[in-house]
Structure formats: C-alpha cells, structure tokens
Amino acid sequence: MPDSGASFLDALHGRVEDVLDACTRCGKCVEACPMVEPAGIDASDPAAVVEGTLDLLRGGTGTPEAERWAEVCTNSGRCISACDYGVNPRFMVNMARIAAKAKQGDEVVRRNAHRYYSDMSRGTRVISRLQLAPEVLTRLNPPLRPAGDYDSPPDIVFYTGCNVIKTPHIALLVLEVLDRLGVTYEVMGGVPTCCGIQQFKQGDAKTAGRVGWNTIERLSRPGAARVLSWCPSCQVQVGEVALPAWERARGDMPFELSPITEYLAGRIEDLRPFLVHPVRKRVALQERAALPGVMAAVKTLLRAIPELEVVELDVPVVSTQANHLSVLPKFKAELRRREFEAAAEAGVTTFASIFHACHRELVKFQPQVSFELLNFMELIGESMGIHIPDLYKRLSLMGDIDAVVADSADLIAAYGLDLETVRDALAKDMFGGK
Ligand code: SF4
Ligand code: SF4
C-alpha cells in the first residue's frame with residue numbers, strides 16, 4: 001500500500017477547501033449545536049464562531065470560541081441538517097480541532113494520540129479476555145484472512161469496531177439474530193481493525209488515515225457489497241471521513257457502509273416470526289443524536305416485540321456515545337440524572353442503552369435505580385428465547401478490582417495475562433469513574 005497517511009491528508013485538505021468555498025458563515029450550525037451552551041461558548045454572534053472556525057481551517061489562530069467549539073464537539077450531528085449550503089459542519093468542526101491541536105506540534109500530537117490508543121487497546125484486550133473463553137472470543141474476533149481466501153462473498157461483513165468485545169453479549173446477540181435470519185456474514189473488528197477515530201479525535205489525522213484505510217482494505221477482502229457497522233463512532237469516522245477520502249483519492253467506493261440496526265429494521269418482517277415470546281416491559285431508550293436512523297431502527301425492532309411498550313422521555317438527545325461526553329463531565333452527569341429522573345417518572349421497568357460505550361457506563365448505576373439497566377439487544381434476545389448473560393455488568397457490579405481478579409482467575413491463567421496489567425486495565429477501564 002502507498003503512504004496512505006499522506007494521500008488521506010491530501011483528500012482531507014481537498015474537502016477542507018470545499019468547505020471554505022461553500023460555507024456562507026450563516027451560523028446556523030452553531031445555533032443547532034447542543035454542545036455550545038453546556039460548554040459555555042459565547043454564541044451571541046454565531047457567524048463569528050464560524051469565522052473563527054474557518055480561520056483555524058485556513059491555518060490561522062482562530063478564536064477561543066472556535067477552539068472551544070472544536071474541543072467539545074461530540075459528533076452529535078445536529079449541525080448537519082441545519083446547513084443549507086451542502087457543508088457537513090461535523091466534518092468542518094472535526095477538521096478545526098485537528099488544526100487547533102496542530103499548534104502543539106506533530107510530535108506532541110502523535111505521542112498523545114498513541115498513548116490514548118494504547119490505553120484503549122490494552123483495556124479492550126484485557127476486559128474482553130476476563131469474560132470470554134478463547135473459542136467464543138474467536139467467534140467475535142476471527143483471525144484476519146488474506147483477500148484471496150474467500151470462495152464467495154458473504155451477504156454482509158459485520159464490522160464490530162474495536163471495542164464492543166468489552167461487552168461481548170451485545171455482539172453475540174447480534175450474531176444470533178443474523179444466524180436466525182440465515183444471513184451469511186464475516187465478522188471483522190477488534191483493535192487491529194480500528195476506524196481511526198481515536199487518533200482523529202486526538203488530532204493525529206495522518207495516523208487516523210493510515211488506520212482507517214487499512215481497515216477499509218480489510219473490510220473489502222471478503223468481497224461483500226455491504227458492510228454493516230455496530231459502532232456509531234466507526235460509522236461516522238469510516239462513513240464520513242475515511243471512505244469519502246478513499247473515494248476522492250482512489251476513485252472507487254469498495255463497499256456500502258450502514259448501521260446494522262438499520263439493516264435489521266429493514267428486515268423486520270423476516271425477523272417478526274422469531275419474536276415469539278412476549279416481553280411485558282415499559283422500555284425507555286438512552287438515545288444519542290449522531291445517527292438518528294439508528295434510533296428509529298431500534299424503536300422499530302422493539303415495537304415488533306409482543307407486549308413491549310416503548311416509552312419516550314423528554315430529555316436532551318446529544319452525542320455519539322457516552323464516552324464522547326467526557327469532554328463535559330458535569331453536563332454528562334446532569335444528563336444522566338435527568339434521564340434517570342424522567343425514566344422513573346414515566347414508570348419504566350427498563351432503561352436500555354443502545355450503544356456499547358453507553359452501556360458500560362450505564363450498568364454501574366444499577367444499584368441506584370429502581371428499573372433494570374440493560375442493552376436493547378437483550379430485549380430482542382428475550383423475545384427470541386436467546387439469553388446471553390451480561391458478564392461486563394456482573395463484573396462491574398462487583399465494584400472492586402480484587403473481587404474481579406479472583407472471579408476471573410481461570411481466564412487470567414488461560415490467557416496468561418499479567419496480573420499488574422489486568423489490575424491497571426480494570427482500574428482505568430472498568431472502575432475509572434468516567
Ligand atoms: S457534530 Fe454536533 S457537537 Fe459537533 S458541532 Fe455539530 S452539532 Fe455540535
Ligand atoms: S457550515 Fe453551513 S450552517 Fe455552518 S455557517 Fe457554514 S453554511 Fe452556515
């Protein structure tokens with residue numbers, strides 16, 4: 001493969017030039033952004049915030065408001081539909097963040113991004129191994145095969161992203177549903193098939209490009225026309241950044257990428273005969289803003305379950321996943337308080353996460369609420385008669401590193417994990433208090 005990092009950057013710069021040409025500085029994207037107010041950004045002159053953002057894109061110093069906006073963007077995407085001039089402001093703001101971080105110098109940016117990625121990667125490796133026997137882990141993370149190794153293309157590639165395997169029951173439930181539907185699939189994901197968002201968020205666009213394009217090449221190996229993503233961060237990063245850059249640089253689009261929930265909702269009539277067990281629950285969802293089509297799809301799936309009632313909550317819907325909201329910790333805690341309060345007032349039996357990173361943070365609060373906290377895939381499983389236990393929740397609710405280590409002793413030994421690494425990963429990842 002050529003120096004994909006460099007051509008990725010060329011493609012990004014071409015898109016930035018298009019933004020600079022097309023943006024009229026109307027400021028509607030600032031007005032629509034749900035992060036502006038909680039971040040304390042002075043948006044009395046939205047056009048000025050945009051002008052500062054464009055200045056960053058041109059290599060200028062920008063303004064404090066523009067830098068802050070770029071820093072707190074959680075990819076909610078409300079800005080996208082607000083723009084009447086064909087700009088994707090989510091891309092614009094992400095590129096402004098990269099420009100702002102570039103002021104720290106290449107070496108610092110690369111080092112920070114590398115540290116961030118290494119922590120995530122180690123956490124994923126350890127936390128998944130504390131839950132899964134090797135053969136189950138292989139089902140979710142099969143070894144990568146060469147392109148010529150596939151006799152015929154599967155119906156789909158299921159792209160899990162890098163870290164859903166920390167909450168493996170979610171991905172395993174998806175596989176069970178695909179099996180019942182008779183879909184042929186190749187599962188691809190894990191840390192080596194990262195979308196590049198970790199590096200991109202930290203400002204290291206060149207590494208993000210290399211990682212994202214390596215992943216696109218891998219996802220294209222089985223020859224499936226459709227790749228279905230689980231992770232919303234991967235969907236945005238590959239779908240809106242890496243794939244368009246690939247197409248711009250290379251002139252082809254190797255596959256169509258869309259969220260797996262939308263695919264399943266599109267096949268609801270095929271799925272309905274399997275949703276046989278009534279689930280007598282009042283369910284509210286922890287909605288996120290980045291992919292509205294996923295929210296609609298999850299509701300379609302849940303409404304097909306006999307006797308299940310979906311309850312709407314009047315709370316703000318922002319961000320991609322809970323981890324993105326860590327840029328504004330007070331706002332994040334307040335949002336969760338409002339979600340729990342609204343769910344209790346609505347008398348729900350169940351408050352369900354949609355995405356895996358949200359789920360990891362949510363389940364820790366089980367002792368504090370009167371309703372059950374689970375992932376929506378568990379409800380689909382329940383109606384289909386499939387139960388896969390949430391081992392992450394079980395370990396997390398032990399509340400203590402020593403207890404988890406003792407409980408996982410067999411798997412720690414089976415994988416030959418270093419105890420200090422396990423403790424460190426648990427401290428940061430499971431009991432990090434994020
Ligand atoms: S993507 Fe969302 S958080 Fe980012 S700027 Fe747009 S509206 Fe704001
Ligand atoms: S990106 Fe679109 S919405 Fe935002 S200022 Fe430019 S033209 Fe207006």
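Predicted model: local features only at pLDDT ≥ 70, side-chain atom pairs only at ≥ 80, totals over all residues.
In soluble globular proteins, nonpolar side chains tend to be buried together. In the present model, the largest nonpolar core comprises 119 residues. Within this core, Ala96, Phe158 and Val174 have the most contacts. Helix H12, which spans residues 232-250, contributes the largest share of the core, namely nine residues.

The contacts of Phe158 were examined with neighbours within four places in sequence left aside. On this basis, Phe158 is in contact with Val174, Leu178, Tyr185, Val187, Leu228 and Ile260. Val174, one of these partners, is itself listed among the residues with the most contacts inside the largest core.

Ligand 1 is surrounded by 13 residues, of which Cys33, Cys73, Ser76, Cys79 and Arg90 are the closest. Helices H5 (78-82) and H6 (89-101) each provide at least two residues of this shell, and the greatest contribution, three residues, is that of H6. Classified by type, the shell around ligand 1 contains seven nonpolar, four polar and two charged residues.

Around ligand 2 there are 14 residues, and those that come nearest are Cys23, Cys26, Cys29, Cys83 and Val87. At least two residues of this shell are supplied by each of helix H2 (28-32) and helix H6. The shell around ligand 2 is made up of 10 nonpolar, two polar and two charged residues.

Technical notes
Residues numbered from 1 in each chain as written. Chains lettered and ligands numbered in written order. Core = buried A, V, L, I, M, F, W, Y, C linked by C-beta atoms within 7 Å. Buried ≥ 20, exposed ≤ 12 C-beta atoms within 10 Å, placed from the backbone. Helix = DSSP H or I, 4+ residues; strand = E, 2+ residues; numbered from the N terminus. Contact = placed C-beta atoms within 7 Å. Near = placed C-beta within 6 Å. Nonpolar A, V, L, I, M, F, W, Y, C, P; charged D, E, K, R; others polar.
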